[in-house]
There are 2 protein chains.
Amino acid sequence: MPTVPKPRRGAQAVPPDALAGCPFHDVRMKLWTAGLRPTRQRMALGWLLFAKGDRHVTAEILHEEAQASRVSISLATIYNSLHQFTQAGLLREIAIDGSRTYFDTNVSDHHHFLVEGTNALIDLPRIAIDPKELPEPPAGKRIARVEVVIRLRDAES
Amino acid sequence: MPTVPKPRRGAQAVPPDALAGCPFHDVRMKLWTAGLRPTRQRMALGWLLFAKGDRHVTAEILHEEAQASRVSISLATIYNSLHQFTQAGLLREIAIDGSRTYFDTNVSDHHHFLVEGTNALIDLPRIAIDPKELPEPPAGKRIARVEVVIRLRDAES
DNA sequence: TTACGTGCAAATAATTTGCAGTCCC
DNA sequence: GGGACTGCAAATTATTTGCACGTAA
């Protein structure tokens, strides 16, 4: 069972260091402030995930990348880590149909193009969704999030 | 392997009868015009799916309902039938995350509320999405569909 | 009759979990 | 040292497929 510790008390206030700009320290800091121990595996995954700008990955893809980087991490640990990162707010699960789960390193409020066939995801340039345009939620409920997926197909077909 | 025959030639032009209003004949006609043989199993499923207005179902739910109706249909056949219905345009798959696939009997252009926790789906009153508001698709691609999911959470939490 | 359909059981695929051993603080 | 973490293998869950048999046209 994956263990998800609570965020470290006061971590935000007393970060271990502030060598911003160095990817290694950045990842360590991300983990630290999230209350996750910077283990070898999590550092490696953090490196793969956050050092290259915004990404959309599946557990399988990350696993392959780790192996390509000669870092040995079991698939189970990758799943566990992805969920821990998600709970810590470092990642976001993306809701598209299809059997596999995608994780997005861009946790800001945004939406996606989904290319049919390849299942590739592309961040949308921000489209503003006016809350006033949205329908009223049923009684007792509030809107937690709006997710928009724009499916793309080859132009000629 | 599920076989999905092409729509019956000229079926639209020469429907077997036109007793609209009778659910039994309506389902039979739906299948007929879709080019699907009205077998006992498909008739039963069509009955469950289309006789009660718009519905959101999983294969599992349909299976339980069929058993509750004392109709014996294997789960494999339910999966096959759901996909055949979908290909025939009688159903639509809904893209939400989560492990199971939902099918919607409302195939018109619309969107959904998704209640967190129960995973219940609720059709949205039509919200117009202005095509002019949408971002430009990448070169060589066109927009096939826009899907909006509004996640709901209990108001107090 | 004969291709289309169906049920069953086995096969996949993605993901999760139990647990014994390892590592960080 | 002790709880947090990891790897592995087995377990789950959702879905698909192969194939022998059944059935609608």
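Colleague: Which residue stands opposite Glu93(B) in E3(B)?

Modeller: Phe103(B) in E3(B) stands opposite Glu93(B). Before going further, please note that this is a predicted model, in which local features need pLDDT of at least 70 and side-chain atom pairs count only at pLDDT 80 or more, while totals for chains, interfaces and linings use all residues. Residues are numbered from 1 along each chain as its sequence is written, chains are lettered from A and ligands numbered from 1 in the order in which they are written, and side-chain values use heavy atoms, with hydrogens and water left out.

Colleague: How should I read the pairing of strands, and what is the order of the open sheet of three strands in chain B?

Modeller: In a regular strand the side chains alternate between the two faces of the sheet. Strands (E) are DSSP runs of at least two residues, numbered from the N terminus, and two of them pair if DSSP finds at least two bridges between them. Here the open sheet has the order E1-E3-E2 (chain B), with antiparallel pairing. Its edge strands, each pairing on one side only, are E1 (56-57) and E2 (92-94) of chain B. Between E2(B) and E3(B), the latter spanning residues 102-104, the antiparallel pairing runs over three bridges.

Colleague: How many residues lie between the strands in the hairpin of E4(B) and E5(B)?

Modeller: There are four residues between them, and Gly117(B) in the turn has a positive phi of about 100°.

Colleague: How do I judge an interface, and what area is buried between chain B and chain A?

Modeller: The size of an interface is often given as the accessible area lost when the parts come together. Buried area is that loss (1.4 Å probe), summed over both parts, and between chain B and chain A it is about 2,800 Å², of which carbon and sulfur atoms give 61%. In terms of contact (heavy atoms within 4.5 Å), 34 residues of chain B meet 35 residues of chain A.

Colleague: How many salt bridges does the rule find across this interface?

Modeller: The rule, which asks for a side-chain nitrogen of Lys or Arg within 4 Å of a carboxyl oxygen of Asp or Glu, finds four salt bridges between chain B and chain A. One such salt bridge joins the side chains of Arg151(A) and Glu147(B) (3.5 Å, N to O). On the side of chain B that touches chain A, E4 (112-115) and E6 (141-154) each supply at least two residues, and the largest share, 14 residues, comes from E6(B).

Colleague: In which sense do E6 of chain A and E6(B) pair?

Modeller: They pair in the antiparallel sense over 13 bridges, and Val146(B) is the bridge partner of Ile150(A).

Colleague: How are the two copies related, and what rotation superposes chain B on chain A?

Modeller: Two copies of a chain are related by a rotation about an axis and a shift along it. By least squares on the C-alpha atoms of residues with pLDDT of at least 70 in both copies, a rotation of 180° with 0.0 Å of shift along its axis superposes chain B on chain A (RMSD 0.1 Å). That is the relation of a two-fold axis. The same surface serves both copies, as 100% of the contact residues of chain B recur in chain A. Among the residues of chain B, Val148(B) comes closest to the rotation axis, at 2.3 Å (C-alpha).

Conventions
Buried area = accessible area lost by both parts, 1.4 Å probe.
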